[in-house]
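Biologist: I'd like to learn how to read the features of a model like this. Show me the general idea each time, then the case in hand.

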Amino acid sequence: MNIKTDLVDTPWVSLLDTRLSATPTAYQCDFESIGALTNKINVGDTLFMRGGMIRLKSTLNLEINTLTAIQWQQAPALLTINHYRIKNNVGMTEALLGKYISSKKQLTINSAAEYIQHLGLTLPNCIYIHSDKLAKNIGHGKGLTPSGDDFLIGVLAVLSSLKTVHPQAETLFNHIKTAIQLDINKTNEISAHYLTLALFHHFSHPVQWLIHDLFTATDASTLNHRVMANLNIGASSGADTLAGILYCLNNVLLN
């Protein structure tokens with residue numbers, strides 16, 4: 001459930017079933033006892049938010065106390081880069097992405113680059129020189145969050161993580177941020193909300209921890225778990241975000 005508010009600091013709040021991934025400005029709630037909310041609420045319904053309480057003005061008479069919420073664990077900052085490890089983990093992740101896309105869409109995909117080409121995304125010849133061109137992908141694709149937007153969130157998430165260990169990561173992040181802010185009205189309201197959060201270094205739990213494990217994991221099972229958790233987000237959002245993550249790692253660190 002996505003809620004538009006009149007609050008300057010929090011213009012958008014989401015209520016998520018516990019089976020969905022934790023995201024910024026969202027509360028995970030156990031809705032199992034009341035059944036499917038889609039049958040009980042409608043677009044445009046009014047609710048009240050005050051003192052940490054969310055009250056739905058509907059036949060549900062639902063009240064959520066956000067003061068009891070527990071913060072999910074953020075991924076720790078990177079301290080070093082092991083290029084051999086990251087190259088190995090990126091290779092395994094690209095193989096998992098290709099296998100997933102091939103089974104879901106009956107396509108033969110062998111790398112993130114092939115998947116990005118399939119999506120029709122715009123890439124600069126060199127990310128260090130023309131990183132602002134990545135913003136041309138805003139709003140590209142279909143869905144609640146278009147493929148181009150999910151891809152950009154993946155790119156931004158990697159650069160955000162690299163800022164403590166890579167001398168040019170913050171500069172690249174800020175160049176892309178400026179370009180995105182100029183064109184953010186080219187996408188829909190929901191996707192613009194998540195892009196805006198990404199511009200201020202706020203990313204979902206699965207994305208944060210996948211990037212952390214791409215840098216640190218030493219066993220295939222840990223990495224496989226993180227990759228699949230991302231790939232299973234939405235119809236294609238997880239795969240599109242993962243494509244952005246792999247693109248950024250390949251072009252900023254490995255190529």
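Biologist: Is Val-158 buried or exposed?

Modeller: Look at the relative accessible area: under 20% is buried, over 50% exposed, and partly exposed sits in between, using a 1.4 Å probe and protein chains only. Val-158 comes out at 0%, so it's buried. Bear in mind that this is a predicted model, where local features need pLDDT of at least 70 and side-chain atom pairs count only at pLDDT 80 or more, while totals for chains, interfaces and linings use all residues. Residues are numbered from 1 along each chain as its sequence is written, and side-chain values use heavy atoms, with hydrogens and water left out.

Biologist: Which helix is Val-158 found in?

Modeller: Helices (H or I, at least four residues) and strands (E, at least two) are DSSP runs numbered from the N terminus. Val-158 belongs to helix α4.

Biologist: And what is Val-158 in contact with, leaving aside neighbours within four places in sequence?

Modeller: Contact here means heavy atoms within 4.5 Å. With those neighbours set aside, Val-158 meets Ile-211, Ile-245, Cys-248 and Leu-249. There's also a C-alpha separation of 9.3 Å between Val-158 and His-212, which are 54 residues apart along the chain.

Biologist: Which residues touch the most other members of the largest nonpolar core?

Modeller: Such a core is a set of buried Ala, Val, Leu, Ile, Met, Phe, Trp, Tyr and Cys residues joined through side-chain atoms within 4.5 Å. In soluble globular proteins, nonpolar side chains tend to be buried together. The largest core here has 56 residues, and Leu-97, Leu-159, Ile-180 and Leu-249 touch the most other members. Elements giving two or more residues to this core include α1 (83-105), α4 (147-162) and α9 (237-254). The most comes from α9, with 10 residues. Another core, of 10 residues, lies apart from it, with Leu-15, Phe-31, Leu-37 and Ile-54 among them.

Biologist: What does Leu-159 touch, not counting residues up to four places away in sequence?

Modeller: Beyond that range, Leu-159 touches Ala-169, Leu-172, Phe-173, Ile-176, Cys-248 and Val-252.

Biologist: Where is Ser-14 found?

Modeller: Strand β2 (residues 12-17) holds Ser-14. With a relative accessible area of 1%, Ser-14 is buried. Leaving aside neighbours within four places in sequence, the contacts of Ser-14 are Met-1, Asn-2, Thr-25, Ala-26, Tyr-27 and Tyr-194.

Biologist: What about phi: which value does Gln-106 have?

Modeller: Phi of Gln-106 is near 50°, positive in a residue other than glycine. Gln-106 lies in the loop between α1 and α2 and is exposed, at 64% relative accessible area. His-201 has a positive phi too, about 70°, although it is not a glycine. You'll find His-201 in the loop between α6 and α7, partly exposed at 34%.

Biologist: Zooming out, how many helices and strands does the protein chain have?

Modeller: The chain has nine helices and six strands. Its radius of gyration, taken over C-alpha atoms, is 19 Å, close to the 18 Å from the globule rule (2.2 Å times the number of residues to the power 0.38) for 255 residues, so the chain is as compact as a globular protein of that length. Of the 255 residues, 45% count as buried. Among contacts between residues at least 6 apart in sequence, 59% join residues at least 24 apart.
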